[in-house]
Amino acid sequence: MSNRSKTDDKKTAQASTSAVGSSLARPPRAEAEKAVETLIRWAGDDAGRDGLHETPKRVAKAFEEWFRGYGEDPASILQKTFEEIEGYDEMITLQAIRFESHCEHHMAPIIGRAWVGYIPNGRVVGISKLARIVDVYAKRLQIQEKMTAQIANVIEEVLQPQGVAVVIKAEHHCMTSRGVMKPGTELVTSRMLGCFRDSAITRQEFLAMVD
Ligand SMILES: [Zn+2]
């Protein structure tokens, strides 16, 4: 995480409820590493053997990457907008944004793609920002339904467009590698706001892009 985003987070953490977790006290790293060691022993292995000796450290480091979304405020990512758009008021869609998340019930990977579209109301946001919004929410413990709603809601709140549409398709490893064991199945969720909810034609135009 860069110094700049740390400073930004401090500024926005109190004002925004979307930066969930940023106000919670994190345990020291040593405690996290100890917990991983316990899980290795719970799995049935010898946490002290050569191959596993450094694993708790590596897992703690991986957690910093997998869950970095707690330290980022999605609303602030969308603050910078462009208004010189010559009256552009058609659909803007970023398609098939690949993401990796973790389910909050098993901490197992959720691997999927997101389609994010909106129809602007006088201002647009840089397209990379839409991908970053997906990532901020993906890099937290999630359920897909909530993540879909969060992405649509923050775009609606900050950009105040004519409408927002989000579709997510993802494979949940908690059901492909355990439990019901159904590899290849995808969960599909969607949230339609504004003109995407009100107009079947607009909604269809968006959904035609989802494969
Ligand atoms: Zn799960």
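Reader: Which residues of α6 are buried?
Author: K129, L130, I133, V134, V136, Y137 and A138 are buried in α6. Keep in mind that this is a predicted model.

Reader: OK. What covers those buried residues of α6?
Author: The cover includes helices α5 (74-77) and α7, along with strands β2, β3, β4 (124-125) and β5 (141-142).

Reader: How many residues does α6 have, and how far does it reach?
Author: α6 has 12 residues. From first C-alpha to last, α6 reaches 17 Å, close to the 16 Å expected at 1.5 Å a residue.

Reader: New topic. What order do the strands of the sheet take?
Author: The order is β5-β2-β3-β6-β7, in an open sheet of five strands with mixed pairing. β5 and β7 (187-194) are the edge strands, and each pairs on one side only.

Reader: Do β2 and β5 run parallel or antiparallel?
Author: Parallel, with two bridges joining them. In one of these, C103 has Q142 of β5 as its bridge partner.

Reader: And where does α6 sit relative to that sheet?
Author: α6 packs on the sheet, touching β2, β3 and β5. The direction of α6 makes about 20° with that of β2.

Reader: Next, β3. How many of its residues are buried?
Author: Eight of 11, so β3 (residues 109-119) is mostly covered.

Reader: How many bridges join β2 to β3?
Author: Nine, and β2 (residues 92-103) and β3 run antiparallel. T93 has G117 in β3 as its bridge partner. Five residues lie between the strands in this hairpin, and M107 there takes a positive phi near 55°.

Reader: What about β3 and β6?
Author: β3 pairs with β6 (residues 163-172) over 10 bridges, in the antiparallel sense. V116 stands opposite V166 in β6.

Reader: Let's look inside. Which residues touch the most other members of the largest nonpolar core?
Author: I133, V134, I151, I155 and V166, out of 29 residues in that core. The elements giving two or more residues to this core are β3, α6 (127-138), α7 and β6.

Reader: What is I151 in contact with?
Author: Leaving aside neighbours within four places in sequence, I151 is in contact with A114, V116, I133, V134, Y137 and V166.

Reader: I clicked on T148. Which helix is that?
Author: T148 lies in α7 (residues 144-159).

Reader: Why does T148 count as buried?
Author: Because T148 has 23 C-beta neighbours inside 10 Å. The cut-off for buried is 20 or more.

Reader: Which residues is T148 in contact with?
Author: V166, I168, T189, S190 and R191, leaving aside neighbours within four places in sequence. There is also V167, 19 residues away from T148 along the chain. The C-alpha atoms of T148 and V167 are separated by 7.0 Å.

Reader: Now the whole protein. How many helices and strands are there?
Author: The protein has 10 helices and seven strands. Buried residues make up 25% of its 211 residues.

Reader: Last one. Where does pLDDT stay under 50?
Author: Over residues 1-18. The model has 23 contacts beyond four places in sequence for that stretch. Where pLDDT is low, the predicted coordinates should not be read in detail. The mean pLDDT of the protein is 90, and 89% of its residues reach 70 or more.

Conventions
Residues numbered from 1 in each chain as written. Predicted model: local features only at pLDDT ≥ 70, side-chain atom pairs only at ≥ 80, totals over all residues. Helix = DSSP H or I, 4+ residues; strand = E, 2+ residues; numbered from the N terminus. Buried ≥ 20, exposed ≤ 12 C-beta atoms within 10 Å, placed from the backbone. Pairing = 2+ DSSP bridges. Contact = placed C-beta atoms within 7 Å. pLDDT = per-residue confidence, 0-100. Core = buried A, V, L, I, M, F, W, Y, C linked by C-beta atoms within 7 Å. Expected span 1.5 Å × (residues − 1). Axes fitted to C-alpha atoms, helices over the stretch in contact; angles between N-to-C directions.
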